[in-house]
Amino acid sequence: MATYKDIIDFMNEIAPVHFAWDFDNVGPMIGRLDKKISKCLLCVDASKEVIEEAVNNDVDLIITHHPFIFDVQNSIIVKSSEDFSKNSLIYEAIENDICIYSAHTNLDSVEGGVNSALAASVGAKNIRPLFEQNCAGKIGYNAIGELPEMILLKDFVDVVKSSMNTPAVKYIGDDAKQIKNVVVSSGSFGDYSEAIAERKDEIDVIVTGELKHGVAVLYNNIGLPMIVVEHYFSERVILPVLLDKLAKQFDSIDFEISKKEYGTFKYK
Ligand SMILES: [Zn+2]
């Protein structure tokens, strides 16, 4: 039977930890390396609900996208049984012998990772890095691809909404603009990028998970449309892709995507 260490090694092949940003914290977060793994849960965030789901279903390992532990921990003290802080989740995972592994910006930037999955899910083909990457196998934080056919922005917004299975999206841009070349940037878009703005003639739209108001204003000024789905939905697309790769490698392990996780926000 495969151990936690076997899965750590395979995850490092799928998304090498050295692809992660310097500030990030990725890789094994919690667990005993020789623990035998028979059940593994995949999620974006190991939230209170996901940890409960794991405990109730005898899950041995949770693989998360967002780092389960990010800040330096000086102690893991839980104030009471009513304390649902991060420390309580760490404590609960350890108490229930649940290993946790996180693949974050390394999984965003690898070929076949989150940005590849996001581009593919909105129908883009010929997916490649928008900017040249410094090492093979890396696609970066902005991927570009082409749609099989031209489509009006207003119709492409519907495509994104339905392919992401999200209740709503927001967007800027001219509804009548013809869309062919799509750039995706999963999760938070970050600040206005001159490097992207300079290439606006070859980019018809950017699809992202989160966009600051001031950045949206600047892109609107230069006439570059942007479609914003919720952060979670822009990253959830990797989970079935990851499950498929893991299930092919470890046929003795039962892999599942969390059923308790469905974004964080409600829509009205
Ligand atoms: Zn994210």
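Residues are numbered from 1 along each chain as its sequence is written. Because the model is predicted, local features need pLDDT of at least 70 and side-chain atom pairs count only at pLDDT 80 or more, while totals for chains, interfaces and linings use all residues.

## Domains

The chain is divided into domain 1 (4-104 + 237-257) and domain 2 (110-234); domain bounds come from an automatic or database domain assignment. The centres of the two domains, taken over C-alpha atoms, are separated by 28 Å. Between them, six residues of domain 1 are in contact with eight residues of domain 2, where contact requires that the C-beta atoms of two residues, placed from the backbone, lie within 7 Å. On the side of domain 1 that touches domain 2, the residues divide into six nonpolar, no polar and no charged. In this classification Ala, Val, Leu, Ile, Met, Phe, Trp, Tyr, Cys and Pro count as nonpolar, Asp, Glu, Lys and Arg as charged, and the others, Gly among them, as polar.

Helices (H or I, at least four residues) and strands (E, at least two) are DSSP runs, numbered from the N terminus. Two strands pair if DSSP finds at least two bridges between them.

A residue is buried if 20 or more other C-beta atoms lie within 10 Å of its own, exposed if 12 or fewer, and partly exposed in between, with C-beta atoms placed from the backbone.

The loop between strand 1 and strand 2 holds Gly-31. This residue counts as buried because it has 23 C-beta neighbours inside 10 Å. Leaving aside its neighbours within four places in sequence, Gly-31 is in contact with Tyr-4, Cys-99 and Ile-100.

A second open sheet has six strands in the order 5-6-8-9-10-7, and its pairing is mixed. Strand 5 (125-129) and strand 7 (170-172) stand at the edges, each with a single partner strand, so one side of each is left without a neighbour in the sheet. On average, neighbouring strands of this sheet are turned by 25 degrees against each other, direction ignored.

Helix 5 (residues 114-121) packs on the sheet and touches strand 5, strand 6, strand 8 and strand 9; its direction makes about 145 degrees with that of strand 8. Helix 6 (residues 153-164) also packs on the sheet, touching strand 6, strand 7, strand 8, strand 9 and strand 10, and its direction makes about 120 degrees with that of strand 6.

| Strand pair | Sense | Bridges |
|---|---|---|
| Strand 1 and strand 4 (residues 99-102) | antiparallel | three bridges |
| Strand 2 and strand 3 | parallel | four bridges |
| Strand 6 (residues 143-152) and strand 8 (residues 178-188) | antiparallel | six bridges |
| Strand 8 and strand 9 (residues 205-210) | parallel | five bridges |
| Strand 7 and strand 10 (residues 226-228) | antiparallel | three bridges |

Gly-27 has Ser-102 in strand 4 as its partner, and Cys-43 has Thr-64 in strand 3. Ile-151 is partnered by Ile-179 in strand 8, Val-183 stands opposite Ile-206 in strand 9, and the partner of Ile-172 in strand 10 is Met-226.

## The nonpolar core

A nonpolar core is a set of buried Ala, Val, Leu, Ile, Met, Phe, Trp, Tyr and Cys residues joined through C-beta atoms within 7 Å. In the largest such core, of 72 residues, Leu-61, Ile-62, Ile-100, Val-182, Val-207, Met-226 and Ile-227 touch the most other members. This core draws at least three residues from each of domain 1 and domain 2. Leaving aside its neighbours within four places in sequence, Val-182 is in contact with Ala-119, Val-122, Ala-124, Gly-145, Leu-147, Asp-204, Val-205 and Val-207.

Key: Axes fitted to C-alpha atoms, helices over the stretch in contact; angles between N-to-C directions.
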